[in-house]
Amino acid sequence: LCGASGCGKTTVARLVNGLIPHFFEGKLAGTVCVDGMDSQETEIAAFSDAVGTVFQNPRTQFFNADVDSEIVFGLENRGIARAQLCARLDDVTEELHLQALRGRSVFELSGGEKQRVAIARALMMNPDILLFDEPTSALDPELTGEVLRVMADLARENMTMIVVTHEMGFARSAANKVL
């Protein structure tokens, strides 16, 4: 999803992940259905299970001081058994090549590392859709490449992703459709 600043890309993202109408007020006309769920009739928890979101600035969505706790945060709040939680953490960190970040403070991570941790946390919930809202806008070119490589890997695995981006090269290379 591409477009000029202020054209409504983030608003569309908030419709897709259920933040509108659950957390942002306004007049919503019509129906928003995502993964078979009507946003006005479905609890936000069900939306967050189906749509994993990675925001522009991962610090705004971090709740824990260490990487492992941050990645398991969503599943831990669902009351998942510890053994299952640890196994899923191992799988996701291996898939995203994050083993070297395990046990570290989130405050010591680079911007790209933080964004990769945010992706891991979203993937932990095993969502049907991953939504990225400008995931590379605050990163330098090297860190942008790091995050885009992770996203390209997910695209190759047929992960359904909606990406709000100004990175047209990435959009062309990884997307089935560009709006």
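Guide: Let's start with one term: a residue counts as buried when its relative accessible area is under 20%. Keep in mind that this is a predicted model.

Visitor: Why is Thr136 called buried?

Guide: Its relative accessibility is 3%, and the cut-off is under 20%, so Thr136 counts as buried. Thr136 is found in the loop between β4 and α7. Leaving aside neighbours within four places in sequence, Thr136 is in contact with Thr144, Val147, Leu148 and Glu167.

Visitor: What makes Phe63 and Phe73 a stacked pair?

Guide: Ring centres must lie within 6.5 Å to pair, and planes under 30 degrees apart count as stacked. A search of the whole structure finds one aromatic pair. In that pair, Phe63 and Phe73 are 4.8 Å apart centre to centre, with 15° between the planes. Phe63 sits in the loop between β3 and α4 (67-77) and Phe73 in helix α4, 10 residues apart.

Visitor: Is Phe63 buried or exposed?

Guide: Phe63 has a relative accessible area of 57%; the line for exposed is over 50%, so Phe63 is exposed.

Visitor: And why is Phe73 called partly exposed?

Guide: Phe73 has 24% relative accessibility. Buried would need under 20% and exposed over 50%, so Phe73 falls in between and counts as partly exposed.

Visitor: What makes β3 and β4 paired strands?

Guide: Pairing takes at least two bridges. Four bridges join β3 to β4 (residues 129-133), so the strands pair, and they run parallel. Val54 stands opposite Phe132 in β4. In β3 (residues 51-54), Val51 and Thr53 point one way, Gly52 and Val54 the other, and all are buried.

Visitor: Which residues have the most contacts inside the largest nonpolar core?

Guide: They are Leu96, Ile119, Leu123, Leu130, Phe132, Met151 and Leu154, in a core of 36 residues. Helices α4, α5 (82-95), α6 (111-124) and α7 (141-156), with strands β4 and β5 (160-164), each supply at least two residues of this core. Apart from it lies another core, of 13 residues, among them Met37, Ala50, Leu131 and Val164.

Technical notes. Residues numbered from 1 in each chain as written. Predicted model: local features only at pLDDT ≥ 70, side-chain atom pairs only at ≥ 80, totals over all residues. Heavy atoms only, no water. Buried < 20%, exposed > 50% of the residue type's maximum accessible area, 1.4 Å probe, protein only. Phe/Tyr/Trp six-rings, centres within 6.5 Å; stacked < 30°, edge-to-face > 60°. Core = buried A, V, L, I, M, F, W, Y, C linked by side-chain atoms within 4.5 Å. Contact = heavy atoms within 4.5 Å.
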